[in-house]
Amino acid sequence: MNQQLKIPPSHNKLCREGALERLSRHGIEGKRVYLIDLIPLIEMIWAGGRVKAEKIDFLYNFIKRHINHINRLAGYVVLSMADAINFTGPYLNSRPNMALLKKLRECIIPVRIGVVRNDYGDIMARRIVAACLNILSITLAQYPHELQNTCCLEERDMYLDIMQTFGTYYFKEDEPISE
């Protein structure tokens, strides 16, 4: 059984050229465009209002896999860990403008996911959403296991908003969501 979340109309209107222009206005050009997949993870890290070491550790592990994947697909070194640290550093050193991060997140589908062949876009979307869920689960592990107050409303709402961004991509029950 396939489930599909509805994507808000505003996400559908951003074309690839408009998204690339938006990214360029914020200094994201060239190979740095491959790093915009990290934006939702950064949003999840900050959703609770402060950065936790466990979340940063998860992010860096995700980055290593992401860079290796990009480089393997290209057949040569496109990105390095230093590139990713330079990209993420400003967003992690102090709380970024969350509205700006959302605007940058909206560029992922037209620039990265919507332009790939076969099911690869679905796989990319699932990887991002699964990584965000993993970051949320780090938060959940730090709360008492009660029926209430397992995560703050901001964290929950951020995760749901990220899910909605990638809502046009199917999450199939018979396929595991993995990174």
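Lys-55 lies in helix H4, where helices (H or I, at least four residues) and strands (E, at least two) are DSSP runs numbered from the N terminus. At 1% relative accessibility, Lys-55 counts as buried; buried denotes under 20% relative accessible area, exposed over 50%, and partly exposed the range in between (1.4 Å probe, protein chains only). With neighbours within four places in sequence left aside, Lys-55 is in contact (heavy atoms within 4.5 Å) with Met-44, Ile-45, Ile-135, Ile-138, Thr-139 and Glu-155.

The structure is a predicted model, in which local features need pLDDT of at least 70 and side-chain atom pairs count only at pLDDT 80 or more, while totals for chains, interfaces and linings use all residues. Residues are numbered from 1 along each chain as its sequence is written, and side-chain values use heavy atoms, with hydrogens and water left out. The chain averages a pLDDT (the predictor's confidence in each residue, from 0 to 100) of 84, and 79% of the residues score at least 70. Where pLDDT is low, the predicted coordinates should not be read in detail.

Nine helices and two strands make up the secondary structure of the chain, in the order β-α-α-α-α-α-α-α-α-α-β along the sequence. Of the 179 residues, 45% are buried. Among contacts with a separation of 6 or more, 79% join residues 24 or more positions apart.

Beyond its neighbours within four places in sequence, Leu-23 is in contact with Ile-28, Val-33, Ile-36, Leu-104, Cys-107 and Val-111.

Helix H3 is mostly covered, with nine of its nine residues buried. These buried residues include Glu-43 and Trp-46. Gly-49, which follows H3, has a positive phi near 100°.

In helix H6 (residues 98-105), the buried residues are Met-98, Leu-101, Leu-104 and Arg-105. Seen down the axis of H6, these residues fall within an arc of 115°, so they line one face of the helix; the arc is that of the directions from the helix axis to the C-beta atoms. Their cover includes helix H2 (16-25), H3, helix H5 (81-93), helix H7 (108-113) and helix H9 (153-165). At the start of H6, a side-chain oxygen of Asn-97 reaches to within 2.9 Å of the backbone nitrogen of Ala-99.

Ser-137 lies in helix H8 and is partly exposed, with a relative accessible area of 34%. A polar atom of the Ser-137 side chain lies 2.6 Å from the backbone oxygen of Asn-134. The C-alpha atoms of Ser-137 and Cys-151, 14 residues apart along the chain, are separated by 9.0 Å.

Technical notes: Polar contact = N/O pair within 3.5 Å; in protein donor to acceptor, adjacent residues only side chain to side chain.
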